[in-house]
Amino acid sequence: MLEQLDHIERQALSSLQNAQDDDALQRWKVAYLGRSSPLMKAFDQLGSLPKEQRPAIGRRANQVKQALEAAFAERSEALRQAALQHSLQAERLDVSLPGRPLVRGRLHPITQTLRQIYRIFGDMGFQVYRSREVESDEFNFGLLNMPPHHPARDMWDTFHTTTPGVLLRTHTSPGQIHVMREYCPEPIRVILPGMCYRYEQVSARKETQFNQVEGLAVGKEITMGDLKGVLTDFARRMFGQQVRTRFRASHFPFTEPSAEMDIECFLCGGQGCGVCSYSGWLEILGSGMVHPVVLRNGGYDPAQYSGYAFGMGPERIAMLRYQIEDIRYLWANDMRFLEQF
Ligand code: FA5
């Protein structure tokens, strides 16, 4: 039995030297220290040996077990060190090399434009009011003086939802009613930014989804002069002191009188070109004095209160500011375009 144990030890130690990787090590462990290994069987047989032989053989068996366990630990460590050395050699690092330059993120041109708009109106004392994008027909049209079947509803091609009377807002103007109902009878000076949706033919100047920034001021002595002053000041702060603007009479059911504001075309300097349809001017917003019906729907008595409102398109403003010829660049997510800002 003692010879058998010597033999097991010799054989195990020599076979251990052949184990070159983790798998081989584990196989070795099962073969020489596992439950059905010859060594463990020797332990099992101890009980059947004559009494006087048991201590010596038991001691020797334990010695062999300890020797094999120590050899296994040593071989594992040696292999681990060898693998580490190999990877250090193979994946050598030159810590003195310069790091890879990080690509810097930047704000989307529309975000930059929106923030500039917020700053300008913020300086003039306007607060930002957020209103919902999914609206009821009543708020998007009815309360803005466009009852069902009113022909002016055709000015906005609408995305309707499957729920009757619920739609994606076509403009930020329904927010006017929400603010008025919330603040009545306090005076109001807010801007309402947000996404709008129209079922339109996409073109160089029109998208189906775009931003608007609505403006609304309501008080006791607000006039069309205030509206013109605020918007002209806005244009100067946005485009520079020398910018030329003009107001053109227009029509919106929720303002009376109504006007649109144009900016001199950035491309041709007012001479007339393809971008401005040879007019020399580019429209950036609609505006007017809040219609008495709308004031009343918001809770204000039109005999005592008046107000002005406007709605501008930040995409169009960004196009003017950065001389972008096609609105579709703004939503195409093309890094070559976006990296310029
Ligand atoms: C309106 O939407 C009115 N609610 C504006 C208004 C508010 C008038 C308050 C009076 C008082 P209009 O449809 O013209 O008006 O749109 C206003 C601005 O949104 C346009 O001048 C333009 O800058 C922008 N806009 C409109 N349609 C699109 C579109 N499809 N893509 C990108 N910008 C658009």
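Select helix 5 together with the elements that cover its buried residues, which include strand 4 (188-197), strand 5 (209-219), helix 8 (224-239), strand 9 (306-312), helix 10 (314-322) and helix 11 (335-338). Helices (H or I, at least four residues) and strands (E, at least two) are DSSP runs, numbered from the N terminus; contact means heavy atoms within 4.5 Å. The model is a predicted one, in which local features need pLDDT of at least 70 and side-chain atom pairs count only at pLDDT 80 or more, while totals for chains, interfaces and linings use all residues. Residues are numbered from 1 along each chain as its sequence is written, and side-chain values use heavy atoms, with hydrogens and water left out.

Now colour the buried residues of helix 5: P109, I110, T113, L114, Q116, I117, I120 and F121. Buried means under 20% relative accessible area, exposed over 50%, and partly exposed in between (1.4 Å probe, protein chains only). Seen down the axis of helix 5, these buried residues fall within an arc of 160° (taken from the directions from the helix axis to the C-beta atoms), so they line one face of the helix. The face turned away from the buried side carries the exposed residues R119 and D123. After helix 5, select G125, whose phi is positive, near 95°.

Next, select the ligand. Which of the 26 residues around the ligand come nearest? They are H171, S173, E200, E207 and E283; a residue is counted here if one of its heavy atoms lies within 4 Å of the ligand. A polar side-chain atom of S173 lies 2.8 Å from a nitrogen atom of the ligand, and a polar backbone atom of E207 is 2.9 Å from a ligand nitrogen atom.

Proceed to strand 7 (residues 255-264), where T255 is found. T255 is buried, with a relative accessible area of 3%. The side chains of T255 and S258 are joined by a polar contact of 2.7 Å (a pair of N or O atoms within 3.5 Å; within protein, one must be able to donate a hydrogen and the other to accept it, and residues adjacent in sequence count only if both atoms are side-chain atoms). P257 also has its place in strand 7, and a cis peptide bond joins E256 and P257, with omega about -5°. Most peptide bonds are trans.

Finally, select S277, in the loop between strand 7 and strand 8 (281-290). S277 has a positive phi of about 50° although it is not a glycine.
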